[in-house]
Amino acid sequence: MSDKFFHGSSLLLGNNTIPGVQISEEFKKSIPIIIKVCEDFGLDFNQPLIQMLTHDEISEIASYGGFPVRYPHWKFGEEYEELQYGYMFGMHRIYEMVVNASPAIIYCLNSNTLLDNITVVAHALGHAHFFKNNIHFSRTSQNMLNELANNGSRIRKYMSVYGTEKVGLFIDHVLRLETLIDHSNAWHDKSIKEIKINDEKTFHDIERIKVDEKRLYMNQFLNPVSFINSQKNKLKKQERKEELGISDSPPNKDIFGFVKENAHLKPWQADIISMLYDEALYFAPQGMTKTANEGFASYVDYNIIAKQGYSSLGQETDCSGIFEYSIHKMGVLGGKYSVNPYKLGFTLLLDIEERWDKGRFGEEYENCDDLRKKQNWDLNLNLGKEKVFEVVKYYNDYQLINEFFTEDFCNKNEFFEWARNPDGTYEIASKDFVSIKRKLLQKNSNRGLPVIKIIDDNHKGKGYLLLEHVWDGRIIYQPYVLDVLVSIYFLMKAPVVLTTKNKNGDDIVYFCNSTDPDHVEVVKKEEYFRKWDSF
């Protein structure tokens with residue numbers, strides 16, 4: 001084991017008043033300058049709090065999602081170990097972290113160069129502006145550091161009373177549902193659910209065409225036997241549906257919330273699941289805006305460090321820092337054909353800025369058939385920066401790509417689809433704009449996760465929970481499916497049914513009636529429903 005692994009920083013790294021890693025004097029002098037420049041650029045952020053960390057400390061905080069005050073759980077240690085090995089073997093490097101809170105907490109890496117950390121501050125302040133101003137973060141708590149600390153304390157208390165293993169197992173099952181939420185619920189006011197018990201049965205009569213008493217002989221013609229039988233069958237289906245308690249409510253995407261509200265839990269379990277649900281709602285916008293958020297932060301550091309020349313801050317000469325910044329920037333963006341969130345978001349925002357500066361939008365531009373005129377189109381509107389800030393305020397990743405990933409942008413940046421040949425080589429398979437955009441939208445819809453909805457909470461009248469995977473051509477990963485179904489069964493204490501498709505496009509059903517993933521049945525849909533009378 002490396003002597004640099006899992007050690008953390010000693011208090012001796014500080015001085016007799018401030019523990020931990022110290023911020024160099026050169027960096028201290030640069031911080032207020034960069035903050036002022038970012039404010040002058042138009043950024044609006046919560047007051048920043050900057051802290052310097054060692055590589056293992058920043059890996060630890062990253063494993064906790066940016067908050068070093070979470071509840072104890074093995075997943076955080078697993079994430080930390082992965083980050084540490086990645087750093088040790090040169091696979092990645094966490095230059096900075098910024099937390100969506102007030103104050104905006106910015107963590108810097110002490111092994112960064114001075115220019116790296118100056119760039120990091122500009123980049124992180126871009127994130128802080130995004131957190132404060134983007135509409136998808138408007139309902140997130142700005143006091144989350146304290147709230148997560150309180151959650152951690154309460155869960156530790158439950159562990160001391162009921163046992164670490166028992167509470168940890170319950171958390172394992174709950175965490176498997178953390179992505180099965182509907183982020184729009186963050187806008188709903190919280191209310192106490194009133195439980196209603198309905199043990200009444202409604203009786204119906206078949207519908208007949210009314211016949212005048214003086215013309216009863218017409219009844220056999222107006223209400224023939226075939227019509228009466230069809231009405232009886234219709235009524236029978238309706239009564240069976242009511243008897244089985246099939247829900248008439250629309251499909252519900254918030255499976256985690258449904259389980260939280262309807263599972264029969266002990267008080268300590270209900271408290272934990274409520275805490276973890278609120279945490280999932282807090283972190284959800286970050287997955288929805290990864291491309292837009294990282295793109296804007298990259299846009300900010302590019303404008304401050306490169307275009308405004310602050311790469312020379314603290315350097316020996318006015319031009320010596322720009323080469324180091326260029327190397328840093330290219331490493332983050334990932335090269336010409338990268339589609340990582342930094343690169344895609346950054347290039348989209350630069351394209352938006354150029355288009356709105358030159359007036360390359362609107363009906364007149366779109367309807368122009370003169371190719372040369374469109375190539376030289378420049379109305380000198382200079383609305384680009386204003387438009388970028390507008391996009392940052394209102395858009396998530398899906399909306400950003402859907403509206404601004406144009407065919408011109410696709411061609412200019414040489415997007416393509418690739419395929420692997422039998423001999424292991426790769427080739428360009430397609431440059432079709434429609435297909436490329438469709439796959440990008442798929443990747444950024446619902447944070448790139450499959451959409452699962454509750455269709456019926458009393459399926460077959462037996463209390464089964466019927467779920468449906470909204471098919472978009474991509475199969476769901478079976479090992480995850482099995483674990484999630486098992487966890488829903490564990491929490492709800494009722495069988496769970498999931499309908500989806502396999503790689504051949506066949507309708508299949510997962511049926512879970514056990515806490516053992518190996519006992520989850522996977523059958524063709526026809527085979528499953530053959531066991532039951534059709535409604």
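Start by selecting helices α2 and α3: α2 passes α3 in a right-handed crossing. A crossing is right-handed if the near helix is turned clockwise from the far one by less than a right angle, and left-handed if it is turned anticlockwise. Helices here are DSSP runs of H or I with at least four residues, strands are runs of E with at least two, and both are numbered from the N terminus.

Before going on, keep in mind that this is a predicted model: local features need pLDDT of at least 70, side-chain atom pairs count only at pLDDT 80 or more, and totals for chains, interfaces and linings use all residues. Residues are numbered from 1 along each chain as its sequence is written, and side-chain values use heavy atoms, leaving out hydrogens and water.

**Stop 1: α2 against α3**

Stay with α2 and color α3 (residues 74-88); their axes come within 8 Å and cross at roughly 140°. Axes are lines fitted to C-alpha atoms, for helices over the stretch in contact, and angles run from 0 to 180 degrees between N-to-C directions. The pair α2 and α3 is therefore oblique; angles under 35 degrees count as roughly parallel, over 145 as roughly antiparallel, 65 to 115 as roughly perpendicular and the rest as oblique.

Now show side chains. On α2, pick H55, D56, S59, E60, A62 and S63, which meet F76, E79, Y80, L83, Q84 and Y87 in α3; contact means heavy atoms within 4.5 Å. The residues of this contact divide into 5 nonpolar, 4 polar and 3 charged. In this scheme Ala, Val, Leu, Ile, Met, Phe, Trp, Tyr, Cys and Pro count as nonpolar, Asp, Glu, Lys and Arg as charged, and the others, Gly among them, as polar.

**Stop 2**

Select strands β1, β2 and β3. These 3 strands form an open sheet in the order β1-β3-β2, with mixed pairing; two strands pair if DSSP finds at least two bridges between them. At the edges are β1 (48-53) and β2 (96-99), each pairing on one side only. From one strand to the next, the twist averages 20°.

Zoom in on β1 and β3 (residues 104-109), which pair in the parallel sense over 6 bridges.

**Stop 3: N117**

Is N117 buried or exposed? At 4% relative accessibility, N117 counts as buried; buried means under 20% relative accessible area, exposed over 50% and partly exposed in between, with a 1.4 Å probe and protein chains only. N117 sits in helix α4 (residues 114-133). Setting aside neighbours within four places in sequence, its contacts are F27, M52, C108, L109 and N112.

**Stop 4: α13 and its two partners**

Select α12 (residues 320-333) along with α13. Their axes come within 7 Å and cross at roughly 105°, which makes α12 roughly perpendicular to α13. Look for K329, V332 and L333 in α12, meeting Y342, K343 and F346 in α13. By class, this contact has 4 nonpolar, no polar and 2 charged residues.

The side chains to display are L344, L348, L349, I352, R355 and W356 of α13 and L400, I401 and F404 of α17. They divide into 8 nonpolar, no polar and 1 charged.

**Stop 5**

Move to β4 (residues 417-420) and β5 (residues 426-430), which run antiparallel and are joined by 4 bridges. R420 stands opposite Y426 in β5. The two strands form a hairpin with 5 residues between them, and G424 in the turn has a positive phi of about 95°.

Finish on F416, in the loop between α18 (407-412) and β4. With a relative accessible area of 30%, F416 is partly exposed. Which residues does F416 contact, leaving aside its neighbours within four places in sequence? They are Y337, I428, S430, K431 and I436.

**Zooming out**

Show the whole protein again: its secondary structure comes to 21 helices and 10 strands. Buried residues make up 43% of its 535 residues.
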